[in-house]
Amino acid sequence: MGKNGLDELICLYASKIKDCLQKLLPRKPNHTEFRQSIDQLLLEFCSKANLKVQWRADYTLSTGEADAVFNRLVIEYKQPGTLRSSRKVTEAVNQVKRYILGIAQEQRHKLTRMAGVVFDGRYIIFVRYRMGDFQVETPV
């Protein structure tokens with residue numbers, strides 16, 4: 001798939017996720033319904049983009065249980081609207097850090113090749129390991 005085709009696919013699936021959230025969030029979905037709806041769209045996107053993805057849901061680690069892992073990307077879903085509180089943001093980010101460290105240790109990956117996301121349907125937070133430390137972006 002060429003760059004333009006991939007760009008179009010990314011835009012299409014960003015729109016699909018937005019539409020899904022607009023329908024789903026007013027119904028106040030539980031954690032599982034929210035997570036499964038987004039995971040399904042992400043898996044569809046990976047298939048359409050011809051990405052080889054190793055996906056795991058409820059991936060049990062020595063450091064906890066990650067909601068979803070797509071190759072080396074950890075996704076921690078939170079109940080929609082949860083990330084309004086700075087305490088909840090800190091807890092969720094620390095969970096993702098533990099999961100990244102756990103996966104890196106168990107699968108002998110370099111931390112520089114791993115990342116994480118915390119997502120509650122309203123806010124998304126990116127967590128990366130760079131230059132010997134975790135870098136956490138401000139919720140957007």
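Mentor: Helices are DSSP runs of H or I with at least four residues, strands are runs of E with at least two, and both are numbered from the N terminus. The model is predicted: local features need pLDDT of at least 70, side-chain atom pairs count only at pLDDT 80 or more, and totals for chains, interfaces and linings use all residues. Residues are numbered from 1 along each chain as its sequence is written, and side-chain values use heavy atoms, without hydrogens or water.

Trainee: What does Pro80 touch, leaving out residues up to four places away in sequence?

Mentor: Contact means heavy atoms within 4.5 Å. By that rule Pro80 touches Leu25, Pro29, Phe34 and Asp120. By contrast, Pro80 and Asn4, 76 residues apart in sequence, have C-alpha atoms 33 Å apart.

Trainee: What makes the approach of the side chains of Asp67 and His31 a polar contact?

Mentor: A polar contact is a pair of N or O atoms within 3.5 Å; within protein, one must be able to donate a hydrogen and the other to accept it, and residues adjacent in sequence count only if both atoms are side-chain atoms. The side chains of Asp67 and His31 are joined at 3.2 Å, and the Asp67 side chain also reaches the backbone nitrogen of Tyr77 at 2.8 Å. Beyond four places in sequence, the residues in contact with Asp67 include Arg35, Arg56, Ala57 and Asp58.

Trainee: How many aromatic pairs does the structure hold, and why is the pair of Tyr13 and Phe45 called edge-to-face?

Mentor: There are five aromatic pairs. Rings of Phe, Tyr and Trp (its six-membered ring) pair if their centres lie within 6.5 Å; planes under 30 degrees apart count as stacked, over 60 as edge-to-face and the rest as tilted. For Tyr13 and Phe45 the centres are 5.8 Å apart and the planes stand at 65°, so the pair is edge-to-face. This pair links distant parts of the chain, Tyr13 in helix 1 (residues 3-24) and Phe45 in helix 2 (residues 31-48), 32 residues apart. Tyr13 is buried at 3%, and Phe45 counts as buried at 17%.

Trainee: Why is the pair of Phe34 and Phe119 called tilted?

Mentor: The ring centres of Phe34 and Phe119 are 5.6 Å apart and the planes are at 35°, so the pair is tilted. Because Phe34 lies in helix 2 and Phe119 in strand 4 (residues 115-119), the pair ties together parts that are 85 residues apart in sequence. Both Phe34 and Phe119 are buried, and together with Tyr77 they form one aromatic cluster.

Trainee: What makes a space a pocket, and how much space lies in the largest pocket?

Mentor: On a 1 Å grid over the protein atoms alone, a pocket is an open set of points with protein on both sides within 12 Å along at least five of seven lines, whereas a cavity is a set where a 1.4 Å probe fits but cannot get out; lining residues have an atom within 4 Å of a point. Points are joined across faces, edges and corners, and a volume is the space filled by probe spheres set on them. The largest pocket holds about 510 Å³. Of its 22 lining residues, Ile17, Leu42, Phe45, Leu73 and Ile75 are the closest to the centre. Helix 1 gives the largest share of the lining, five residues.

Methods
Buried < 20%, exposed > 50% of the residue type's maximum accessible area, 1.4 Å probe, protein only.
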